[in-house]
Amino acid sequence: MNKKYIIIGIVFMLIVTIGFSAAYWSAQIVGEGKDIIVETDELKIIFTDETAISETEVKPGWSKEKTFTVENKSDGDYYYNIGIDKLVNTFVLDFLKYKITSEDGGYNMTEYELVPKSEVAKKEILEEGIKIEKGKTHHYTIEFKYESSDEDQSADMGKLFSGNLIIEEGKKKETLTDFFAKKYSNAKKRTTFSTILPSNGNAESYNIETDNESGVYYDEEDYTEDLNKDGKGDRVYYFSGNVTDNWVSFADFYWRIIRTNEDGGLRLLYAGTETEKGNTTTGYIGGANKTYLYNSSKSDPMYSGYMYGIEGSVTNNRTNQKNNSSIVKSEVDNWYASNIIKTDNQGHNYSDYVSKTAIYCNDRSSDNYNTTTNMYYAAAQRLSVISSGYGGISSYDDTKPSFKCGLKYNGSMHDDADDADKFTVPNSKGIGNQLLTYPVALMTADEIAYAGGRFGLLSKKTFLNLNSSGNSVTGAYYIY
């Protein structure tokens with residue numbers, strides 16, 4: 001059988017990205033009420049029409065726009081919030097929505113979101129900590145609409161929507177990246193991925209107390225996803241080697257933190273129900289000693305897809321048709337539905353804490369599509385899985401994994417890189433292919449390399465396959 005090399009992940013790995021928010025507060029109100037122009041020493045706010053919202057004729061198909069600008073007159077960067085003061089929204093159905101757009105660096109929404117509901121007047125911040133650089137002006141349009149539907153919408157008859165648009169002085173939000181930068185201030189970039197980490201991981205004499213290679217590292221810009229579409233990605237911090245401070249508990253399971261995610265969340269690896277158990281109870285999706293075929297054993301490259309399309313070309317393979325889910329995707333989805341979509345003892349659903357903007361990469365970029373001989377995908381090239389000299393790689397020392405889907409080993413993008421390989425859920429604010437049933441998937445081979453792994457080499461001391469006692473959770477030490 002011809003081999004189709006797509007290094008994607010391993011079946012017993014399950015990843016969840018958890019949203020993160022830090023403590024945050026705002027200061028004085030800069031513009032409120034029915035002021036048309038508000039000027040301070042720092043900002044100039046101009047509302048094209050008055051800020052008041054008082055609607056008594058809202059009905060299916062109704063919409064209204066308001067426009068305003070925010071200009072930074074201070075001597076440095078400034079942060080502000082956009083909100084609605086004295087908001088009252090008594091609509092009971094989920095059809096009253098809003099969207100804020102800006103084309104010159106301001107806060108920009110790609111999808112409509114529900115207007116917050118409130119029976120009594122209150123202040124509601126729609127977005128906080130928006131950065132505006134010195135001398136810059138952000139132009140905004142905020143649109144409110146009540147969507148038409150074939151459903152019975154009579155329950156919203158006679159309801160009220162009112163309030164005043166406000167701009168508040170804000171403060172830079174502490175992001176998860178900021179938190180990691182402080183906690184792991186000594187983090188550095190790894191310069192080589194040609195060996196496992198720690199380098200003496202095969203040695204039984206390895207001592208985590210004296211080894212200085214394990215820990216937290218970072219990568220940024222060209223090797224991370226650009227979710228803001230501003231030309232570069234965000235810094236990502238990741239755990240590598242035999243680390244022990246990346247355990248978390250969520251939804252009655254234990255997880256290992258793989259890395260920070262570009263959308264501000266944490267990317268987690270499923271680690272079972274007990275930290276000290278091995279593969280007899282916790283190592284695999286679904287329970288004891290279970291493994292799953294990734295996809296069909298047929299040799300056509302389309303079966304390399306987490307979802308897939310039809311035969312004939314990478315483009316055809318990437319059409320990701322609704323009924324063409326891989327075998328392992330179905331298993332992962334079933335596990336998520338049974339174990340994450342449930343409520344805790346306070347009545348909160350665990351799935352509400354899972355990020356809806358995380359990208360799960362199934363990289364099918366390739367320079368040599370064919371169905372008759374061995375075919376290699378981008379990850380195999382990035383990680384030097386293939387023979388020396390292929391695709392410009394001269395040695396294992398050229399290995400360079402990536403958090404960015406479709407990247408070549410040298411930092412440039414593959415010509416056939418496609419958003420079809422970026423698996424996301426439908427409510428992902430326009431990010432990725434929006435075809436996942438649930439926001440969960442497999443760990444990539446690139447993430448394994450960042451974590452200290454290496455194709456074909458034993459790795460006894462990498463956190464990916466260790467329990468809290470330092471023993472393998474999978475019964476093996478080859479991790480991919």
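The model is a predicted one, where local features need pLDDT of at least 70, side-chain atom pairs count only at pLDDT 80 or more, and totals for chains, interfaces and linings use all residues. Residues are numbered from 1 along each chain as its sequence is written, and side-chain values use heavy atoms, with hydrogens and water left out.

F239 also belongs to the largest nonpolar core, which has 42 residues, and is listed with F180, W255, Y306 and I340 as having the most contacts inside that core. Such a core is a set of buried Ala, Val, Leu, Ile, Met, Phe, Trp, Tyr and Cys residues joined through side-chain atoms within 4.5 Å; buried means under 20% relative accessible area with a 1.4 Å probe, protein chains only. Another core, of 31 residues, lies apart and includes F68, Y80, L87 and I167.

Then there are the charges. The structure holds 21 salt bridges, each a side-chain nitrogen of Lys or Arg within 4 Å of a carboxyl oxygen of Asp or Glu. In one of them, R318 and D421 meet at 2.8 Å, N to O. R318 is buried at a relative accessible area of 6%, and D421 is buried too, at 0%.

R382 pairs with D363, with the closest N and O atoms 2.9 Å apart, and R382 also forms a salt bridge with D446, again at 2.9 Å. D363 and R382 are both buried. D446 has 3% relative accessibility and counts as buried.

Definitions and conventions
Buried < 20%, exposed > 50% of the residue type's maximum accessible area, 1.4 Å probe, protein only.
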